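Dear colleague,

I am passing the structure on to you with this email, and my notes on what was found in it follow below. Please read them with the structure open beside you.

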Amino acid sequence: MKIAPSILSADFAALGEAIARVEAAGADLLHVDVMDGHFVPNLTIGPPVIESIRKRTRLPLDVHLMIEEPERWVETYIKSGADYVTVHVEASAHLERTLTLIREAGARAGVALNPSTPPEILQYVLDDLDLVLVMSVNPGFGGQSFIPTAYEKIRRLRTMLGDRPVLVSVDGGVKADNAGPLAQAGATVLVAGSAIFGAPDPGVAVTALRSASEVPRRA
């Protein structure tokens, strides 16, 4: 299981320190939410902050674009330091073209699915994916409660993907008490914001989340 702390919940006044603590604790990725106030009702960060984060960590950056017309910004975010660029299927009218653009620009291509979006929508781009992000809350704000239908969606995705080496990530309300069931369903990346950066010691929270996910998978 890979653990991806979501910096949306970190203290931005001490972001470098927060990143250093989770990196030292063994985090595998950093999840960076970009919101435009249109596709989702919130505003967050842009390319200059991505550039600053890139200078402070060796961890891969999964930049989650919760924005309209993501294809217009893909290359900008990759130049800023994104290793993965994840776009929403609901925001990309020409998804295959966008995924190709991400890969050609030198990053790994991800697609995010809102809670009400079925996984079958990805049927014809499965070979173009490096990551699928299952949203287990409606995107836009941190600290929301986990939506249980994500379990079934992850199971269906795993069946669809077969033996393709695609990461299945889950984001929203992820905590130690659902980490085990998510692992059993087939998730391979746990994105967590409040559960990590809202804890007294974010490093300890990373370790605890990984330990909670280490349960036998269903056959």
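For the angles between axes, those under 35 degrees count as roughly parallel, those over 145 as roughly antiparallel, those from 65 to 115 as roughly perpendicular, and the rest as oblique. The axes themselves are lines fitted to C-alpha atoms, for helices over the stretch in contact, and the angles run from 0 to 180 degrees between N-to-C directions. Please note that this is a predicted model, in which local features need pLDDT of at least 70 and side-chain atom pairs count only at pLDDT 80 or more, while totals for chains, interfaces and linings use all residues. Residues are numbered from 1 along each chain as its sequence is written, and side-chain values use heavy atoms, with hydrogens and water left out.

The helices and strands named here are DSSP runs, numbered from the N terminus (helices are H or I, at least four residues; strands are E, at least two). The axes of helix H5 (residues 150-161) and helix H6 (residues 176-185) come within 8 Å and cross at roughly 30°, and H5 and H6 are therefore roughly parallel to each other. On the H5 side the contact (heavy atoms within 4.5 Å) is made by Tyr151, Ile154, Arg155 and Arg158, and on the H6 side by Asn178, Pro181, Leu182 and Ala185.

Within H6, Asn178, Ala179, Gly180, Leu182, Ala183 and Ala185 are buried, where buried means under 20% relative accessible area, exposed over 50%, and partly exposed in between (1.4 Å probe, protein chains only). These buried residues of H6 pack against H5, strand S7 (167-171), strand S8 (189-192) and helix H8 (202-213). Just after H6, Gly186 takes a positive phi of about 125°.

In S8, Val189 and Val191 point one way and Leu190 and Ala192 the other, and all of them are buried. S8 pairs in the parallel sense with strand S1 (residues 2-5) over four bridges, and with S7, also in the parallel sense, over three bridges; two strands pair if DSSP finds at least two bridges between them. Val189 is the bridge partner of Lys2 and also that of Ser169.

Best wishes
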